[in-house]
Amino acid sequence: MDAHNRFETRTTFTLARLEWLTALVVASVLGILHIGEIRWPVFIGFFLVIDVIGYIPGAIAFRRAPGGDISRGYYLAYNIMHSLVTNAILVGLWCLLVGPEWALLAVPIHLFGDRALFGNTLKPFGVPFEPHLSPAFAEFERAYAAEPSTRARSGKVTHAVDA
């Protein structure tokens, strides 16, 4: 929401996902318009490498670990591979060394798809690797909803996390 209140309500989270969905649609439409010019091995490689390095090892470790406690290294791998910065560098290097091409749309399609369709962004160490509601966050949401200033701004007493 802002630099001092780093959380989203359901509404602001939905609006952020709509922005990512818009970017996904733009990247997908560009891909469809240039489908005959896409080198598919390059597209598939860029699309898959993000999860092959950044997600699958952590997901396997999470499922095998009692209680889901896994190394922070899996979180780092996820965050590095799902970072727009990391992928902008990779795409930029590809453009410099090989040349720009439509197959590189695999990167924004993957990243924007993760954010828009699944609601996944970067993972903090304090939450489970796979999505599960943190009891601390659930308690925060209840406290936020009960905060008098939150109720006053919404105009009526409702579930403030929806505002």
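Predicted model: local features only at pLDDT ≥ 70, side-chain atom pairs only at ≥ 80, totals over all residues.
Author: Residues are numbered from 1 along each chain as its sequence is written, and side-chain values use heavy atoms, with hydrogens and water left out.

Reader: What makes a residue part of the lining of the second largest pocket?

Author: A pocket is an open set of points on a 1 Å grid over the protein atoms alone, where a 1.4 Å probe fits, with protein on both sides within 12 Å along at least five of seven lines, and a lining residue has an atom within 4 Å of a point. The residues that line the second largest pocket include Phe62, Asp69, Arg72 and Pro128, and therefore each of these has such an atom.

Reader: How do you know which residues of that lining are nonpolar, polar or charged?

Author: Ala, Val, Leu, Ile, Met, Phe, Trp, Tyr, Cys and Pro count as nonpolar, Asp, Glu, Lys and Arg as charged, and the others, Gly among them, as polar. The lining divides into 6 nonpolar, 3 polar and 2 charged, whereas that of the largest pocket, with a volume of about 1100 Å³, divides into 13, 7 and 8 respectively.

Reader: What is the angle at which H1 and H6 pack?

Author: The angle is about 145°, with the axes 8 Å apart, where axes are lines fitted to C-alpha atoms over the stretch in contact and angles run from 0 to 180 degrees between N-to-C directions.

Definitions and conventions: Points joined across faces, edges and corners; volume = space filled by probe spheres on them. Helix = DSSP H or I, 4+ residues; strand = E, 2+ residues; numbered from the N terminus.
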